[in-house]
Amino acid sequence: MSEKIALSIEDLTVSFDGFKAVDKLSLYVEKNELRVIIGPNGAGKTTVLDLICGKTRATSGTINFNGAELTRYPEHKIVQLGVGRKFQTPSIYENLTVLENLEISYPEGRGVFGSLTFKRTEQVTQRILEVAETIFLTEFLNTQSGLLSHGQKQWLEIGMLLIQDPELLMLDEPVAGMSVSEREKTADLLNKICQGRSVIVIEHDMEFVKRIAHKVTVLHQGKLLAEGNMESVQNNPKVIEVYLGH
Ligand code: ADP
Ligand code: MG
């Protein structure tokens, strides 16, 4: 197998009371790759991310990430192994500033309360400034996060993951509810942050997918329906029938 493969999923299945939400799925993602997963509602996209991050336990199959078998580990251990996951709704601390939100997300495990007495080191400050610039929030570092726009909150949450420097970053519908200009900036952001790591994005907005995807995986009823570059997937009759044609 290629040395560039970072994430290798094989025959992954999860059954909820006999219903297979993910059914014998195999998926390989390289380092420096940005993979987009598309498919109709209920196809199993979110469940795949739940399985990778350990939120849901697989019924069978394997998830190998840089040599570690993730199906054996609890969620917190999977985070330590370099897997970051963003859920659909932002979970930032609205009453803290942007800077404070980034600071409490810095590794070395300080919680909200620990951060109050935490002495900012040069290294931490440097990293916070770097990430703030990447997520377009340099001018908002001292702004209370609750006052940010919906899109800015989404970026902040991406920043809170980036500050941990994950090797695999997973984002579930990151541009839902964003304005056109926020979508464009998010595409630039994702194109930048997939360098040096792997990124998996679930998304419905095909214009957005076109701007970011290296490769597209189409799921349908828990199974792989098609995979390839944007053009081949868009022209695939099976994909048009179950998804794009609607
Ligand atoms: P998608 O993200 O592609 O819209 P999901 O992965 O959320 O789809 O869901 C796939 C299917 O699995 C749906 O039919 C959903 O109802 C079902 N499902 C997801 N999680 C659970 C669960 N914890 N228990 C039972 N059924 C679930
Ligand atoms: Mg979903």
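Helix α2 supplies the largest share of the lining of the second largest pocket, three residues. The model is predicted. About 200 Å³ of space lies in it. Its lining consists of His76, Val79, Gln80, Gly82, Val83, Gly84, Pro107, Leu161, Gln164 and Pro166. Two elements give two or more residues to that lining: α2, residues 75–80, and β6, residues 83–86. By class, the lining has five nonpolar residues, five polar residues and no charged ones.

Rolling a probe the size of a water molecule over the atoms shows where empty space is left. The count comes to one cavity of 30 Å³ or more. About 30 Å³ of space lies in the largest cavity. Which residues line the largest cavity? They are Leu51, Thr56, Arg57, Ala58, Ile63, Leu70 and Thr71. Four of these lining residues are nonpolar, two are polar and one is charged.

Leu70 has a relative accessible area of 1%. Buried means under 20%, so Leu70 counts as buried. Leu70 and Ser26 are 44 residues apart in sequence. In space, the C-alpha atoms of Leu70 and Ser26 are 15 Å apart.

Leu51 leads on to helix α1. Leu51 lines the largest cavity, and Leu51 is also one of the buried residues of α1. The helix spans residues 45–52. How many of the eight residues of α1 are buried? Seven are, and the helix is mostly covered. The buried residues are Lys45, Thr47, Val48, Leu49, Asp50, Leu51 and Ile52. Lys45 and Asp50, then, are among the buried residues of α1. After α1 comes Gly54. Phi of Gly54 is positive, near 85 degrees.

The residues around ligand 1 are Phe16, Phe19, Ala21, Pro40, Asn41, Gly42, Ala43, Gly44, Lys45, Thr46 and Thr47. By class, the shell has five nonpolar, five polar and one charged residues.

Several contacts can be followed atom by atom. A backbone N or O atom of Gly42 lies 2.8 Å from an oxygen atom of ligand 1. For Ala43, a backbone N or O atom lies 3.1 Å from an oxygen atom of ligand 1. Thr47 uses its side chain: a polar atom there lies 2.5 Å from an oxygen atom of ligand 1. On its own, ligand 1 has 560 Å² of accessible area, and the protein covers 58% of that. The elements that give two or more residues to the shell are β2, residues 19–30, and α1.

Next come two backbone details. Asp11 is found in strand β1, residues 5–16. Phi of Asp11 is near 50 degrees, a positive value in a residue other than glycine. Is Asp11 buried or partly exposed? Asp11 counts as partly exposed because its relative accessibility is 40%. Asn32 also has a positive phi in a residue other than glycine, near 70 degrees. Its place is in the loop between β2 and β3, residues 34–38. Asn32 has a relative accessible area of 41%, so Asn32 is partly exposed.

The last stop is strand β8. The strand covers residues 198–202, and Ser198 is found in it. Ser198 is buried, because its relative accessible area is 1%. What does the side chain of Ser198 reach? It reaches the backbone oxygen of Glu30, at 2.8 Å.

Key
Residues are numbered from 1 along each chain as its sequence is written. Chains are lettered from A and ligands numbered from 1 in the order in which they are written. This is a predicted model: local features need pLDDT of at least 70, side-chain atom pairs count only at pLDDT 80 or more; totals for chains, interfaces and linings use all residues. Side-chain values use heavy atoms; hydrogens and water are left out. Buried means under 20% relative accessible area, exposed over 50%, partly exposed in between (1.4 Å probe, protein chains only). Helices (H or I, at least four residues) and strands (E, at least two) are DSSP runs, numbered from the N terminus. A residue is near a molecule or strand if one of its heavy atoms lies within 4 Å of it. A polar contact is a pair of N or O atoms within 3.5 Å; within protein, one must be able to donate a hydrogen and the other to accept it, and residues adjacent in sequence count only if both atoms are side-chain atoms. Accessible areas come from the Shrake-Rupley method with a 1.4 Å probe; for residues, only the protein chains shown count as cover. Ala, Val, Leu, Ile, Met, Phe, Trp, Tyr, Cys and Pro count as nonpolar, Asp, Glu, Lys and Arg as charged, and the others, Gly among them, as polar. On a 1 Å grid over the protein atoms alone, a cavity is a set of points where a 1.4 Å probe fits but cannot get out, and a pocket is an open set with protein on both sides within 12 Å along at least five of seven lines; lining residues have an atom within 4 Å of a point. Grid points are joined across faces, edges and corners, and a volume is the space filled by probe spheres set on the points.
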